Amino acid sequence: MNKKYIRNFWITGCVFLLFVLYTLAVMFIDVQLIGPNDSSVGFATINGAFHDLTGVHMKIYQWGDWLSVIPAAIVGGFGILGLVQLIKRKSLWKVDLSILTLGGFYVVVLISYLFFEHFVVNYRPVIIEGVLEASYPSSTTMLVICVMVTANLQFKRLIKDKNLLRIVLIVSRVYLAFMVLGRLISGVHWITDIIGGSILSLTLVMLYCTTTNWLTTKIKEKISKNKR
């Protein structure tokens, strides 16, 4: 492994460490019973002040929930693409490497989501449909960032028409910004939930990019050696 990939893996590890330290800070710094049903919340002063500033906007939250089907559809679309390649090429190892690593990436994202559904750091600042749900990190923020950023990388590879690609990327970025900002101002998450989801997403996306680039380079080097 050359110095470039070692550096990138180190950077990814440092961002992950930042997420761990940030999570611990949310768990233990300025913890107060400011949530519904006297639930405890870290960084309570900042979280409480920001929540009071934005208020609760359930319409924005509901729109965000409806629009969350887009990342799910994209995941399904790439899954179908991989399946078609598998059927046509009759070998898992002949499926595009970027699609295989993307599938692995989706599994890691799912594991991260399930982990924080059971390891509760904070609960929501509002009760939804009679249930007080875990809210850290924001799963919608994590899902949207992880799926849309990696999808844009795939779009750049798959879409050959430059004008179409430009339109797709613009729409994708506007959607991403709307979803994250919408979650932030809807009032159904603490601001620390959104920040935590963003840092974790950055970690996972960096890991995906670094791993994909490293594997691609190794395969090209192996093919080059076999041709000699």
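Begin by selecting Asp-65: at 35% relative accessibility, this residue counts as partly exposed. Please note that the model on the screen is predicted.

**The partner of Asp-65**

Asp-65 and Arg-183 form a salt bridge, with their closest N and O atoms 3.0 Å apart. Asp-65 belongs to helix H3 (residues 58–67) and Arg-183 to helix H7, so the pair ties together parts that are 118 residues apart in sequence. Arg-183 has a relative accessible area of 3% and is buried. Side chains of opposite charge can pair when their charged atoms come close.

**Along helix H7**

Now select residues 162–186, which make up helix H7. How far apart are the end C-alpha atoms of H7? They are 35 Å apart, which agrees with the 36 Å that 25 residues should span at 1.5 Å a residue. At the start of H7, look for Asp-161, one of whose side-chain oxygens comes within 3.0 Å of the backbone nitrogen of Asn-163. The buried residues of H7 include Leu-165, Leu-169, Ser-172 and Tyr-175. After the helix comes Gly-187, which has a positive phi, near 85 degrees.

Move to Asn-152, in helix H6 (residues 139–158). Is Asn-152 buried or exposed? With 8% relative accessibility, Asn-152 counts as buried. Apart from neighbours within four places in sequence, Asn-152 is in contact with Leu-169, Ser-172 and Arg-173.

Then select Tyr-136 and Pro-137, where the peptide bond from the former to the latter is cis, with omega near -15 degrees. Pro-137 is located in the loop between helix H5 (97–118) and H6.

**Two residues with positive phi**

Most residues other than glycine have a negative phi, and most peptide bonds are trans. Select Asp-30, in the loop between helix H1 (3–28) and helix H2 (44–54). Asp-30 is not a glycine, yet its phi is positive, at about 50 degrees. Its relative accessible area is 30%, so Asp-30 is partly exposed.

Continue to Lys-90, in the loop between helix H4 (69–89) and H5. Lys-90 also is not a glycine, and has a positive phi of about 60 degrees. At 76% relative accessibility, Lys-90 counts as exposed.

**Further salt bridges**

How many salt bridges does a search of the whole structure find? The search finds four. One of them can be seen by selecting Glu-133 and Arg-124, whose closest N and O atoms are 2.7 Å apart. Finally, select Arg-89, Asp-96 and Arg-157, which salt bridges with shared partners join into one network.

Note on methods: Residues are numbered from 1 along each chain as its sequence is written. This is a predicted model: local features need pLDDT of at least 70, side-chain atom pairs count only at pLDDT 80 or more; totals for chains, interfaces and linings use all residues. Side-chain values use heavy atoms; hydrogens and water are left out. Helices (H or I, at least four residues) and strands (E, at least two) are DSSP runs, numbered from the N terminus. The expected span of a helix is 1.5 Å times one less than its number of residues. Buried means under 20% relative accessible area, exposed over 50%, partly exposed in between (1.4 Å probe, protein chains only). A polar contact is a pair of N or O atoms within 3.5 Å; within protein, one must be able to donate a hydrogen and the other to accept it, and residues adjacent in sequence count only if both atoms are side-chain atoms. Contact means heavy atoms within 4.5 Å. A salt bridge is a side-chain nitrogen of Lys or Arg within 4 Å of a carboxyl oxygen of Asp or Glu.
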